[in-house]
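Please open the model in the viewer and keep the selection panel at hand.

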Amino acid sequence: MTAATAPGEREGPRSLDDAKAWMRDRLAKRVHPLGLTDPAATRETIEALQGLDGERWAAAWVATGDRFFAEAEAAAQAGRSGTARDLYYQAYGFYFLGRFPCPNHPAKEASYEKELAAYRRFGALCDPPVVPVSIPFAAADAIGEKIVFYLRRPTGIARPPVVVMWGGVDAWKEEMTELSDTLLRAGIATIALDNVGTGQSPLKAGADGEKQFLPVLDWVAAQAGLDGGRIVLIGRSFGGHWATKLAHQIPRRLRGAVNWGGGIHYMFQRDWIEKSRHPDSYLMELVETRCRMLGATNDEEYAEGFRRLSLLDQGLLDQPCAPLLIVNGKDDRQCPPADIHLLLDHGSPKTVRLFPGGHMGFGPHTVPTIVAWVAERLQAEAAPA
């Protein structure tokens with residue numbers, strides 16, 4: 001670490017050896033992005049990695065994913081649906097790693113297509129199932145004509161309350177499965193979709209990207225089998241930005257919103273952009289992944305795209321907002337803690353829970369805390385911790 005490099009930051013991209021060490025540590029802790037896949041097969045794939053470039057990175061993970069997918073297909077043909085489901089999930093998880101953090105290379109794009117296919121097969125075998133839904137979307141700056149999301153309904157509840165949730169720059173709707181499982185056990189239906197500018201999102205992340213979520217809320221309100229009067233939003237990582245914005249824009253339509261590690265204002269300033277280029281908490285290609293989300297092709301477009309996202313500059317923070325829970329790690333290097341203080345200094349009172357560690361505060365109490373708060377807002381039965 002040089003004098004110019006603060007704790008928790010690096011001077012540049014990781015070497016292959018450094019990346020492998022980071023992945024081994026995350027695998028041992030079972031946290032994102034190494035919390036989904038079989039530990040032994042994951043460890044074997046990490047050791048076999050020959051490089052971090054898109055071609056070699058994707059090849060290693062896809063090879064392992066293909067092995068699990070073939071086993072899943074054989075199990076499905078033999079009528080062993082439970083085994084097939086679990087094997088499809090493993091295949092999905094390895095394909096997810098193959099496109100991680102974003103499909104910015106043809107080999108990673110191919111891995112993402114395999115990820116979607118394996119996840120669909122997994123979801124069809126789940127109980128309750130993961131049901132793909134698509135609805136039309138139109139906007140002048142749209143890059144797609146539909147919004148794709150996954151619906152899951154708890155068993156035995158005629159009109160359950162609903163959590164509409166999305167991820168960040170690298171964890172997308174498929175990566176919301178474990179949180180969905182926990183919410184379902186609390187009697188809450190879930191809708192998982194991609195954050196603006198990621199996955200199958202029909203938009204790049206402009207200043208008005210929240211318009212992607214409004215048709216989904218309208219769709220929920222029109223469903224006889226869902227309680228559209230009881231909705232909470234959960235925005236994970238960067239997605240917390242949009243959950244906070246919607247909490248200020250449409251407070252009467254929401255029972256609450258959760259900002260789980262998202263930026264508000266300071267995250268989008270040039271000094272923080274420079275500080276957060278290579279945080280220790282991120283494996284690789286953070287700037288490239290953010291740029292892909294924004295549709296930015298160079299540093300100036302990246303900085304300008306971020307600048308336009310400031311909710312302080314948009315004049316929203318002094319407006320009333322729906323009940324808002326802010327969750328993060330105390331030592332986040334991707335999203336500045338100053339944004340939390342800014343939220344507390346403006347508008348309606350908020351609830352804050354900070355956990356030890358870095359971005360998102362991953363730990364044994366994080367998800368139970370979020371689910372208990374959400375269940376209280378929705379007057380649903382909280383899942384056991």
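The model is predicted, so local features need pLDDT of at least 70 and side-chain atom pairs count only at pLDDT 80 or more, while totals for chains, interfaces and linings use all residues. Residues are numbered from 1 along each chain as its sequence is written, and side-chain values use heavy atoms, with hydrogens and water left out.

**Largest pocket**

On a 1 Å grid over the protein atoms alone, a pocket is an open set of points with protein on both sides within 12 Å along at least five of seven lines, whereas a cavity is a set where a 1.4 Å probe fits but cannot get out; lining residues have an atom within 4 Å of a point. Grid points are joined across faces, edges and corners, and a volume is the space filled by probe spheres set on the points.

The largest pocket holds about 620 Å³ of space. Centre the view on Glu178, Leu179, Arg236, Phe362 and Val367, the closest to its centre of the 31 lining residues. Helix 6 gives the largest share of this lining, six residues. Colouring by class shows 17 nonpolar, six polar and eight charged residues in the lining. Here Ala, Val, Leu, Ile, Met, Phe, Trp, Tyr, Cys and Pro count as nonpolar, Asp, Glu, Lys and Arg as charged, and the others, Gly among them, as polar.

**Second largest pocket**

Next, select the lining of the second largest pocket, including Trp22, Asp25, Arg26, His359 and Phe362. The space in this pocket is about 250 Å³, and its lining has four nonpolar, four polar and three charged residues.

**Largest cavity**

The count of cavities of 30 Å³ or more comes to three. The largest cavity contains about 230 Å³ of space. Of its 23 lining residues, Asp170, Ser237, Tyr282, Gln334 and His359 are the closest to its centre. Show helix 1 (16-29) and helix 10 (286-294), which each supply at least two residues of this lining. Twelve nonpolar, seven polar and four charged residues make up the lining of the largest cavity.

**Last stop**

Finally, select Val352, which lies in strand 8 (residues 351-355).

Methods:
Helix = DSSP H or I, 4+ residues; strand = E, 2+ residues; numbered from the N terminus.
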